[in-house]
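The following note sets out, point by point, remarks on the model shown below. Please read each point beside the sequence and the coordinates.

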Amino acid sequence: MNDYMRPATLDEALALLPGSGAGILAGGTDLFAATDRRRLPGRVLDLGGIAELRGVRAVAGGTIIGACTSWDEIARDDTLPPALRALRSAAREVGGWQVQTRGTIAGNLCNASPAADGVPPLLVLDAEVMLRGPAGTRQVALGAFITGPRRTSRAPDEIVTGIFLPRSALGGRSAFLKLGARAHLVISIAMVAVRLEVAEGWIARAAVAVGACSAVARRLPAVEAALLGATPSAAPGRVDRADVAAALEPIDDIRASGAYRAEAAGELVARAVADALEQTP
Ligand SMILES: Cc1cc2nc3c(=O)[nH]c(=O)nc-3n(C[C@H](O)[C@H](O)[C@H](O)COP(=O)(O)OP(=O)(O)OC[C@H]3O[C@@H](n4cnc5c(N)ncnc54)[C@H](O)[C@@H]3O)c2cc1C
C-alpha cells in the first residue's frame, strides 16, 4: 500500500481506508494550514479524484451537496433556491478565491472549527451529514455531527459522502453575515445565518444560527420563536439582543472579547433578518 492513495471511486476509497491508518485529504486547505511541512505526514487518502463526491443534485426528499463540492462551485451555482443564498454568501467568505476553489464543504465540517463559516448556513437548512464506512451508511444531523471544537462523531474509517438538505427546509429566503477584523480574508469574530418563510404576510417559519460565539455554532430557538407571526417590517425589531446573548457562550480571544462577540451577534442577527426579508420572494 502506497503512502499516497488517490482512488477514482468511492467504493475504492472505502476499501482502502479501514485499517490503513490513512488521514483523509480533500482540498487540503485546513490540513496544510495546520502543518509547516511540504508534504503531509503519514498515509494519505486523497478524495480529490472521486467525481461522484462533487456537485449538487436533487434526490427524493431533498437535495444532496457532494462532500467534495468546493466553495467556489457552491457560490457560482445560481440554480440553487433562495434558501441556499446564505450558504452561497458564506462560500464567498471562506478565505480568498484560491481557498474557495480548493476547499470543500465536508472539509469545513470535518475540521470542526468554531469559526467554520459553512456551519450556520447549513444549520438553518436542517442539514444532515451523510457518512459511509464498513458498517454501512448513516445520516447524522449536523448539530450532532460536530461534538466540540475540532471534534466530530465521524469514526476513523468513515468517509463523509455528502450533506443532505431536507425539502422541508428548502423554502423561504436566507441571509448570511460575517464580522471579522477586516472586510475580506478573515477568520470570523461572529457570523450569522437566517432563513425565513413568509406566508400571507407573516413569518411562518424562522431559523437562526450563530457561529464563532460558542464552542460549536448553534441554532437560537428563543430568537426563532420571537420572529414567528411578525410582519416582515416588524421582524428585525423582534430580535431581542438579550435573547441572542443568552443563547451564546462566547470566549475572549485574540480576535475579540466575549462581550463584544455577544453584542455583535445581536446586531448581526437583526441585520440578517432584515437582509433576508428585503429579497424578492
Ligand atoms: C488562507 C486560508 C483562509 C481560510 N479562511 C477560512 C474562512 O474564512 N472561513 C472558514 O470557514 N474556513 C477558512 N479556511 C479553512 C478551510 O479553507 C475550510 O475549512 C475548507 O472548507 C476546508 O476544506 P478542505 O477540503 O480543504 O479540507 P481538508 O484540509 O482537506 O480537510 C480538513 C479536515 O476534514 C477531513 N475531511 C475532509 N473531507 C472529508 C470527508 N469527505 N470525509 C471525512 N473527512 C474529511 C480531513 O481529514 C481533515 O481532518 C481557510 C483556510 C486557509 C488556508
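1. At 22% relative accessibility, Thr152 counts as partly exposed, because buried is defined as under 20% relative accessible area, exposed as over 50%, and partly exposed as in between, with a 1.4 Å probe and protein chains only. Thr152 belongs to strand β9 (residues 151-152); helices (H or I, at least four residues) and strands (E, at least two) are DSSP runs, numbered from the N terminus. The C-alpha atoms of Thr152 and Asn111 are 8.3 Å apart in space, although 41 residues separate the two in sequence.

2. On the basis of the note: this is a predicted model, in which local features need pLDDT of at least 70 and side-chain atom pairs count only at pLDDT 80 or more, while totals for chains, interfaces and linings use all residues. Residues are numbered from 1 along each chain as its sequence is written, and side-chain values use heavy atoms, with hydrogens and water left out.

3. The ligand has 30 residues around it, and Ile24, Gly27, Thr29, Asp30 and Thr104 come nearest; a residue is near a molecule or strand if one of its heavy atoms lies within 4 Å of it. By class, this shell has 16 nonpolar, nine polar and five charged residues. Here Ala, Val, Leu, Ile, Met, Phe, Trp, Tyr, Cys and Pro count as nonpolar, Asp, Glu, Lys and Arg as charged, and the others, Gly among them, as polar. Elements that each supply at least two residues of the shell include β2 (23-25), α5 (105-111) and β10 (159-166). Helix α5 gives the most, with five residues.

4. A nitrogen atom of the ligand is 2.7 Å from an N or O atom in the side chain of Asp117. On its own the ligand has 990 Å² of accessible area, of which the protein covers 85%; accessible areas come from the Shrake-Rupley method with a 1.4 Å probe, and for residues only the protein chains shown count as cover.

5. Strand β13 (residues 202-211) is mostly covered, with seven of its ten residues buried. Strand β12 (residues 190-199) runs antiparallel to β13 and is joined to it by nine bridges; two strands pair if DSSP finds at least two bridges between them. Met191 has Gly211 of β13 as its bridge partner. Two residues lie between the strands of this hairpin of β12 and β13, where Glu200 takes a positive phi near 55 degrees.

6. Strand β13 is also joined to β14 (residues 218-219), antiparallel, by two bridges, and Val210 has Arg218 as its bridge partner in β14. In that hairpin of β13 and β14, with six residues between the strands, Ala212 takes a positive phi near 65 degrees.

7. How many disulfides are there? The count is zero, a disulfide being a pair of cysteine sulfur atoms within 2.5 Å. The sulfur of Cys110 is 9.6 Å from the closest cysteine sulfur, in Cys68, and is therefore too far for a bond. Cys110 is partly exposed at 28% relative accessible area, whereas Cys213 is buried at 0%.

Key: Polar contact = N/O pair within 3.5 Å; in protein donor to acceptor, adjacent residues only side chain to side chain.
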